Amino acid sequence: MRCISLMIIILLFHVACKPQINIVDKPIIFDEARKVLTLEYIEDHYGLEQDEPNIDPKIIVLHWTAIPTFEGSFDAFENVRLPSWRPDIKNASALNVSSHFLVDQDGTIYRLMPETTMARHVIGLNHSAIGVENVGGTDEMPLTEAQLKANIALVKYLKKKYDIDYLIGHYEYTNFENSPLWLEIDDGYRTIKTDPGIDFMQKVRNATENLNFKPVPEKFKTE
Ligand SMILES: [Zn+2]
């Protein structure tokens, strides 16, 4: 009897300690062609010669897709090459944008690619950044409470798994220019971002305060 009680206690302890997160794997295409384009991007933009397109995660970057549906958002990342409607960043590389995670409006978390493979989602920092995209973000389809909860759970899960220093919103990425993590070679390659909104970021930060992320750097001075 005592033995059974002990087993129940161990089981309850195990359940309580297990991170309460459910991740659905839904891989985008990551074939040899995407691998080659990713390695080229790493060399052309970061000056790094690597055999594998791997990253050392130090930053989590939260985004919104500004596309109102899950299917539309997934389609934007799935193919290997940039679609013709992204001429703004096509000159920098033909590699399509992507993200490690895509969170649907109902809070379902999809993993689109391995967490330590490089995704193109944030200029200057892709070599050390895990991307979390959220479906929506437009006036008609703002981010939801379920997405907020999912992002908080995902940030906790990732922080536990990797040696992450920073949690940022995409709109904050240029604050890292001239910091040691910033590797972009092309000074002309920048885009202006507002995702995932200041309000959403503040809520995620408040809920993950005890994880002690480093503060987002003030813009580093260039001499
Ligand atoms: Zn973004």
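Read from the N terminus, the elements of the protein chain follow the order α-β-α-β-α-α-β-β-β-α-β-α. Together they come to 6 helices and 6 strands, where helices (H or I, at least four residues) and strands (E, at least two) are DSSP runs numbered from the N terminus. The model is predicted, so local features need pLDDT of at least 70 and side-chain atom pairs count only at pLDDT 80 or more, while totals for chains, interfaces and linings use all residues. Residue numbers start from 1 along each chain as its sequence is written.

A look at the whole chain comes first. Of its 223 residues, 33% are buried. A residue is called buried if 20 or more other C-beta atoms lie within 10 Å of its own, exposed if 12 or fewer do, and partly exposed in between, with C-beta atoms placed from the backbone. Residues 24 or more positions apart supply 77% of the contacts that have a separation of 6 or more; a contact here means that two C-beta atoms, placed from the backbone, lie within 7 Å.

Helix H2 spans residues 32-46. Arg34, Thr38, Tyr41, Ile42 and His45 are the buried residues of H2. Seen down the axis, they fall within an arc of 100°, so they line one face of the helix; the arc is that of the directions from the helix axis to the C-beta atoms.

Helix H3 (residues 70-78) buries Ser73, Ala76 and Phe77. These cover an arc of only 90° around the axis, which puts them on the same side of H3. On the other side, Glu71 and Gly72 are exposed. The buried residues of H3 pack against strands E3 and E5.

The loop between E4 and E5 holds Met113. Which residues does Met113 touch, not counting those up to four places away in sequence? They are Pro27, Ile28, Phe30, Ser98, His100 and Ala119. Met113 counts as buried because it has 21 C-beta neighbours inside 10 Å. Met113 and Ser98 are 15 residues apart in sequence, and their C-alpha atoms are 8.7 Å apart in space.

Helix H5 (residues 145-161) has 17 residues and reaches 25 Å from its first C-alpha to its last, close to the expected 24 Å. Its buried residues include Gln147, Ala150, Asn151 and Leu158. The buried residues of H5 pack against strands E2, E3, E4, E5 and E6 and helix H6 (198-207). Lys156 also lies in H5, but is partly exposed, with 17 other C-beta atoms within 10 Å. The C-alpha atoms of Lys156 and Gln20 are separated by 9.9 Å, although the two are 136 residues apart along the chain.

How do H5 and H6 meet? Their axes come within 10 Å and cross at roughly 45°, the axes being lines fitted to C-alpha atoms over the stretch in contact, with angles from 0 to 180 degrees between N-to-C directions. The contact is made by Leu148, Asn151, Ile152 and Val155 of H5 and Phe200, Lys203, Val204 and Ala207 of H6.

How values were computed:
Expected span 1.5 Å × (residues − 1).
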